[in-house]
Amino acid sequence: MIIKQLSVFLENKQGRLEAAVEILASAGIDISALSLADTADYGVLRLLVDQPALAEEKLSESGIIVRQTRVNAVAMKDVPGGAYGILRLLSGTGISIEYMYACVGRVSGEALMVLRTDDTEKAEKLLEDNGFNNVSPQDIYRI
Amino acid sequence: MNSASLEYTDRESLKAIQDERLINTVKRSYERVECFRLRMQEIGLIPDDIHGTEDLAKLPFSYKKDLRDYYPYGLFAEPMENVARVHASSGTTGKRIVVGYTKNDLEMWADCIARMMREVGVTEKDFVQVSFGYGLFTGGFGVHAGAEKIGATVIPISSGNTANQIQTMIDFGATVLCSTPSYAMYLAEEIERLGLKDQLKLRIGIFGAEPWSEEMRGKIERTLGIKAYDIYGLSEVMGPGVAGECRFQNGMHVWEDNFIPEIIDPDTGDVLPLGATGELVFTSLTKEAFPVIRYRTRDICSLIPEKCPCGRTHIRMHKPQGRSDDMLIIRGVNVFPSQIEEVLLKVSGKEITPNYQIILDRVNNTDTFDINVEMSDAFFADDIKSIEKTEKTITEGLRSTLGIGAKVHLVNPKSIVRSEGKAKRVIDNRQGKI
């Protein structure tokens with residue numbers, strides 16, 4: 001399914017990551033996945049949280065640059081070849097992956113793969129058509 | 001009267017020459033330059049009200065902004081067929097400013113530089129390596145013409161490529177080096193590091209176009225085994241050579257038969273007593289294509305009233321110690337924060353300029369130029385590739401606007417310290433570092 005991910009800009013300086021995560025903690029927001037891409041000067045923190053709208057509001061209020069991004073989330077078997085199956089599906093379709101990360105899913109024995117592509121809708125359709133429509137909103141958000 | 005004798009002419013005769021030339025310059029400018037005429041009319045002044053240098057303070061000021069408003073040739077007092085050359089430098093915004101010279105102007109310019117070169121011992125036997133940039137910048141061509149006038153052999157190598165500069169200096173037997181002081185310092189250290197000092201024939205250095213300290217002069221002189229002299233000028237008034245040091249290395253003589261300096265209070269515009277520190281203002285007396293009347297240089301300095309032991313009667317000025325505007329000189333290039341704002345505004349595509357801070361330092365005798373830009377919604381994307389692209393667009397925009405490279409760093413919003421709501425725009429750590 002297509003889910004809402006939060007992307008946060010962080011200057012590459014001591015304490016910046018901590019400050020952002022603290023804001024979420026004090027607002028009672030649960031982080032279910034987290035990935036950090038960085039350069040020498042700055043990084044982009046990507047988060048899946050249980051209450052994206054509240055998290056965005058709280059971070060924004062504190063002067064942090066944050067944006068909601070739509071990404072594809074897919075559950076896969078936590079076995080050798082699990083990730084490969086999904087990537088093989090996407091290859092040769094003209095969809096390119098900007099970035100991806102994975103985390104352990106709520107369902108035992110499953111992992112969650114988060115994909116950011118240049119065409120979220122097309123990727124979602126492809127995944128659905130191939131039986132990868134297997135994540136429920138409850139797995140991600142607190143509903 | 002030849003120009004050499006004018007350097008030593010008594011003050012009274014000099015004033016008579018200045019009076020006549022000032023009256024003529026005011027009259028010509030009034031008739032031919034709209035900007036000046038309008039300013040005169042605004043304060044109800046006509047050329048006949050000006051009888052000599054004692055009336056100078058009655059005249060309206062002119063500003064760098066005028067060159068932008070009348071870009072490119074609107075302030076010229078000669079038709080373009082009489083303009084032999086143009087030069088250009090950076091304006092306060094993206095648009096540069098243009099200045100022009102008739103054949104006589106170029107001759108006068110060369111004469112001013114030749115006077116200084118002769119005084120510090122340059123002769124027709126010398127080999128003058130001109131390591132100022134050639135091009136729209138006035139440095140290269142200006143100094144070149146002065147050295148040619150003396151009959152010296154000119155090596156027009158222009159700036160850059162240090163290894164080639166040193167090799168040329170050795171192979172061609174350069175005896176005089178003309179460059180920015182920081183580049184001279186850099187060359188000196190390289191020469192020392194490579195152990196090539198013994199192969200040099202250098203004996204004189206003429207350095208200008210950026211601020212430098214006495215400490216730096218001492219170091220360049222010791223390292224290269226030369227005497228180093230300071231030269232001053234700005235494109236709007238002419239270029240290098242408006243003033244230059246004599247062998248006593250104690251202040252630069254302003255060639256008063258061509259230029260009148262004044263020191264004013266930059267806030268009130270009042271002329272300050274001789275010897276006081278304030279903003280330097282120039283009036284040209286002989287320029288034809290682009291005469292300037294009470295041009296505000298924004299350089300802060302003082303004039304030296306005492307007679308110079310060299311015998312010249314022309315007044316000396318101290319090296320400028322700062323600016324009355326926010327112009328920065330980085331690697332010899334004039335940079336205005338407003339130029340940076342313009343680039344950031346263009347990239348962000350919004351009406352509000354992103355907050356930024358300029359950080360200057362000096363490492364290995366070269367200015368470092370970093371700009372911190374606060375991240376904003378306009379710049380943010382959730383993938384690094386897009387952010388890097390934005391960074392690159394800013395860097396390239398700055399390079400094409402300023403003519404020099406800056407390192408751009410995207411920083412957290414509100415991380416640039418503000419005092420009373422205003423961010424400190426410039427942190428200059430170069431002071432005292434040579």
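Domains, contacts and cores

Analyst: In chain A, the C-alpha centres of domain 1 and domain 2 lie 22 Å apart. This is a predicted model, where local features need pLDDT of at least 70 and side-chain atom pairs count only at pLDDT 80 or more, while totals for chains, interfaces and linings use all residues. Residues are numbered from 1 along each chain as its sequence is written, and chains are lettered from A and ligands numbered from 1 in the order in which they are written.

Domain 1 of chain A covers 2-69, and domain 2 of chain A covers 70-135. These bounds come from an automatic or database domain assignment. Their contact takes nine residues from domain 1 of chain A and twelve from domain 2 of chain A. Two residues are in contact if their C-beta atoms, placed from the backbone, lie within 7 Å. On the domain 1 side, strand S1 (2-11) and strand S2 (31-38) of chain A each give two or more residues. S1(A) has the largest share, with four residues. Helices (H or I, at least four residues) and strands (E, at least two) are DSSP runs, numbered from the N terminus. By class, this side of domain 1 of chain A has five nonpolar, three polar and one charged residues. Here Ala, Val, Leu, Ile, Met, Phe, Trp, Tyr, Cys and Pro count as nonpolar, Asp, Glu, Lys and Arg as charged, and the others, Gly among them, as polar.

Now chain B. Chain B is split into domain 1 (1-325) and domain 2 (333-428). The C-alpha centres of these two domains are separated by 32 Å. Nine residues of domain 1 of chain B are in contact with eleven of domain 2 of chain B. Helix H8 (residues 181-194) of chain B gives the largest share of the domain 1 side, four residues. That side of domain 1 of chain B has two nonpolar, six polar and one charged residues.

Buried residues of H8(B) include Tyr183(B), Met185(B), Leu187(B) and Ile191(B). A residue is buried if 20 or more other C-beta atoms lie within 10 Å of its own, exposed if 12 or fewer, and partly exposed in between, with C-beta atoms placed from the backbone. The buried residues of H8(B) pack against several elements of chain B, among them helix H7 (162-171) and strand S18 (366-374). After H8(B) comes Gly195(B), with a positive phi near 65°.

The two chains touch as well. Chain B gives 14 residues to the contact, and chain A gives 17. On the chain B side, strand S19 (residues 407-411) gives the most, with three residues.

Last, the cores. A nonpolar core is a set of buried Ala, Val, Leu, Ile, Met, Phe, Trp, Tyr and Cys residues joined through C-beta atoms within 7 Å. The largest has 85 residues, and Ile113(B), Met117(B), Val128(B), Val130(B) and Phe282(B) touch the most other members. Helix H5 (residues 103-119) of chain B supplies the largest share of this core, eight residues. A second, separate core has 56 residues, including Leu6(A), Ile64(A), Leu344(B) and Ala406(B).
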